[in-house]
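Subject: Structure handover

Hello,

The structure we discussed is below. My notes on it follow.

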Amino acid sequence: MKILIAYASLTGASEDVAKYIAKKFENPKIVNLSTVKNIPDFNKYDKIILGSGIYFGKIHKDLKKVIEQNKELLLNKKFAFFFSCGSTDPKKHKEVIEKNYSSELKRKAMAISCVGGILNYKKCKFPAKIMPYLNLKMLKMKKQNPPELDYKKMDEFCEKINNITLNKPSKNTKNQNGSKTKTKKVKQTEQNKAKQTEQNKAKQTEQNENKIEQNKQSKTKQSGK
Ligand SMILES: Cc1cc2nc3c(=O)[nH]c(=O)nc-3n(C[C@H](O)[C@H](O)[C@H](O)COP(=O)(O)O)c2cc1C
């Protein structure tokens, strides 16, 4: 199975996330969307994982561009999004998801997860005029509840991606009509149960017949006396 992990990161947090996630899959291709020369062909991958930091409520522009350019391709693939941000408020995370991904992408994604964040903006140069605003924003977020990368959430994110098997419906998953699809294993268990019931019935009938036969014999013996 071929996995692509593509990320964009201003201050390194999403890069760390991408590297951690990469360890959970076999030989994934990992690319930094802001530095890679050619964006990999999504068609060549079975599962595509995309992520970035959140800046003024939005995902990184390089990630946004790649999503827009490959939307149709993505919708025919297995894909998932992660983002790292400074806010620890789940309401804000929901807002980020609402704002940044179309309803089609949200519906079809294997997972969309916030995986914590780091306030590490000194790693990156920003235009001088936004620095005071940024300082204030960071200070506010740090005071409220300083964020950190959440490895448990990353593990859960990877589990969701790993549990979705390509071209096979998962156990009792709903099909396109909304009815439940039974897996081979579930069908087998049901067949075994039916077989067991049949065997029990046959055994019961045999026991009943034996009893009747015994009664008959004892009656003949008594009448012979
Ligand atoms: C310019 C800038 C704007 C940011 N705006 C937000 C924001 O609107 N909401 C938020 O939760 N975090 C915000 N953050 C915090 C980042 O999302 C957080 O530090 C994230 O982990 C950065 O990811 P990265 O290191 O991959 O770039 C901002 C950070 C920077 C540098």
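Two residues are in contact if their C-beta atoms, placed from the backbone, lie within 7 Å. Helices (H or I, at least four residues) and strands (E, at least two) are DSSP runs, numbered from the N terminus. This is a predicted model: local features need pLDDT of at least 70, side-chain atom pairs count only at pLDDT 80 or more, and totals for chains, interfaces and linings use all residues. Residue numbers start from 1 along each chain as its sequence is written.

Helix α1 covers residues 13-22, and its buried residues are Ala13, Ser14, Glu15, Val17, Ala18 and Ile21. Buried means that 20 or more other C-beta atoms lie within 10 Å of the residue's own; exposed means 12 or fewer, and partly exposed is in between. These buried residues of α1 pack against β1 (3-8), β2 (29-32), β3 (47-55), β5 (78-84) and α7 (151-163).

Strand β3 has 8 of its 9 residues buried, so it is largely enclosed by the rest of the structure. Strands count as paired if DSSP finds at least two bridges between them. β3 runs parallel to β1, with 6 bridges, and Ala8 stands opposite Ser52 in β3. It also runs parallel to β5, with 7 bridges; there Ile49 has Ala80 as its bridge partner. β3 and β4 make a hairpin with 2 residues between them, and Phe56 in the turn has a positive phi of about 50°.

Leaving out residues up to four places away in sequence, Ala80 touches Ile49, Ala109, Met110, Ala111, Ile112, Phe157 and Ile161.

The ligand is surrounded by 22 residues, the closest being Ser9, Ser14, Gly53, Gly86 and Gly117.

Which helix lies largely in the open? Of the 14 residues of α6, the number buried is 0, so α6 lies largely in the open.

Regards

Notes:
Near = placed C-beta within 6 Å.
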